[in-house]
Amino acid sequence: MTYVPDPGRYDAMRYRRVGRGGLLLPAISLGLWQNFGHDRPLDTQRAIVRRAFDRGVTHFDLANNYGPPYGSAEENFGRLLATDLRGHRDELIVSTKAGYDMWPGPYGEWGSRKYLLASLDQSLARLGLDYVDVFYSHRFDPDTPMEETLGALDSAVRQGKALYVGISSYSADRTRDAVRILRELGTPLLIHQPSYSLLNRWIEDGLLDALGEEGVGCIVFSPLAQGLLTDRYLDGVPEGSRASREGSLSSDQLTEATLAKVRALHEMAAGRGQTLAQMALAWTLRDPRVTSTLVGASSVAQLEDNLGALDNQSFSDDELARIDRYATESDINIWASSSEV
């Protein structure tokens, strides 16, 4: 059947300004890192994307190597853009990134001009688009001059292949450098995408201050610590969960000390009338310098639960103080190598 978006899709979603720029993003955006590769049914992906758009989620975040296999998330989303979302391109924010490994050889990762611009061309072909709204440097490259990496982002804008540019997992100092270099090039840095959650608070140590002072937006990823901040791990590691499979979330990270924090936070969420996931998402949005929080979803039900975070975003000082007792660093930031360079 032909998809007709809900006419009331913009009524309930809250949109927040990206730094001091003109762009607005939904408070909750949909990330396609997991669950949108060729290993998942396209019909399930279609149902999630449709429901997200019906709920006012206008921003869909990708990267060149999302899958599996690499590139397949962009291919699948491209199919949905050509069918379900056809005619709605100007209502959407589509972002993609390059920086991690994508193809064999010396030109298939990191931050060279060669890699970034070739990757963007490939991403546009997979998406079936003439341009993306935001193109990111996915990680800092210590062996390539920042002028080259950021110059490639500037070229993408000047070539009409991206409207805005962003960076991901850069340190506070590197972010300030990026702001300066891009300002001199004439393409301002729009947004930074760092990891951030109740158990991974590194951005509070200088990065948020840098973004606020420079007028750069912030969209946080892994706000649920790859599923750890959900009800799934309250009794250990269930079979079939992300931590039970080889991948980015290791069972070694699920120490009893960390799980004890998760259980305590779960009790606090219940006292607020929320699921743990809903409280964790609302908590990331408590700081006005955070524009949006990125969620993944393997089902429509999971998406709906996450969007329920918007129903209660207020925290009393007492609640925040009690949360701080358990919301402490838990050695789960697997992207730290980029921001610590």
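## Exercise 1: Charged partners

Arg201 has a relative accessibility of 15%, so this residue counts as buried. Keep in mind that the model you are looking at is predicted.

**Task.** Find the side chain that meets Arg201 in a salt bridge, and work out which parts of the chain the pair ties together.

**Solution.** 

Step 1. Look for the partner: the side chain of Arg201 meets that of Asp324, with N and O 2.9 Å apart.

Step 2. Check how open the partner is. Asp324 has 38% relative accessibility and therefore counts as partly exposed, while Arg201, at 15%, counts as buried.

## Exercise 2: Back to helix H10

**Task.** Which residue forms a salt bridge with Glu319, and which forms one with Asp318?

**Solution.** 

Step 1. Start with Glu319: its side chain meets that of Arg272 in a salt bridge of 3.1 Å, N to O.

Step 2. Locate the two. Glu319 lies in helix H10 and Arg272 in the loop between helix H7 (256–271) and helix H8 (276–284), so this pair ties together parts 47 residues apart in sequence.

Step 3. Apply the cut-off for buried, which is under 20% relative accessible area. Glu319, at 16%, counts as buried, and Arg272, at 13%, counts as buried too.

Step 4. Now take Asp318. The salt-bridge partner of Asp318 is Arg322, and their closest N and O atoms are 3.3 Å apart. Both residues lie in helix H10, four residues apart, which is about one turn of the helix. Arg322 is partly exposed, with a relative accessible area of 34%.

Step 5. Widen the view. The whole structure holds 25 salt bridges, and a network of them links Asp43, Arg46, Arg50 and Asp84.

## Exercise 3: A strand with two covered faces

**Task.** Are the faces of strand E9 covered or open, and which strands pair with E9?

**Solution.** 

Step 1. Sort the residues of E9 (residues 217–220) by side. Gly217 and Ile219 point to one side and Cys218 and Val220 to the other; all of them are buried, and both faces are covered.

Step 2. Find one neighbour. Strand E8 (residues 189–193) pairs with E9 in the parallel sense over two bridges. Here His192 stands opposite Cys218.

Step 3. Find another neighbour. Strand E10 (residues 292–295) also pairs with E9 in the parallel sense, over two bridges, and Ile219 stands opposite Ser292.

Step 4. Trace the chain: E8, helix H6 (residues 207–214) and E9 together make a right-handed β-α-β unit.

## Exercise 4: The surroundings of strand E6

**Task.** How many of the residues of E6 are buried, and which strands pair with E6?

**Solution.** 

Step 1. Count. Six of the six residues of E6 are buried, so this strand is largely enclosed by the rest of the structure.

Step 2. Look towards E5. Strand E5 (residues 93–98) pairs with E6 in the parallel sense over four bridges, and the bridge partner of Ala98 is Ser137. From E5 the chain crosses through helix H3 (residues 113–127) to E6, a right-handed β-α-β crossover.

Step 3. Look towards E7. Strand E7 (residues 162–168) and E6 pair in the parallel sense over five bridges, with Val134 opposite Tyr164.

Note on methods. Residues numbered from 1 in each chain as written. Predicted model: local features only at pLDDT ≥ 70, side-chain atom pairs only at ≥ 80, totals over all residues. Heavy atoms only, no water. Buried < 20%, exposed > 50% of the residue type's maximum accessible area, 1.4 Å probe, protein only. Pairing = 2+ DSSP bridges. Right-handed = clockwise from strand over helix to strand, strands pointing away. Salt bridge = Lys/Arg side-chain N within 4 Å of Asp/Glu carboxyl O.
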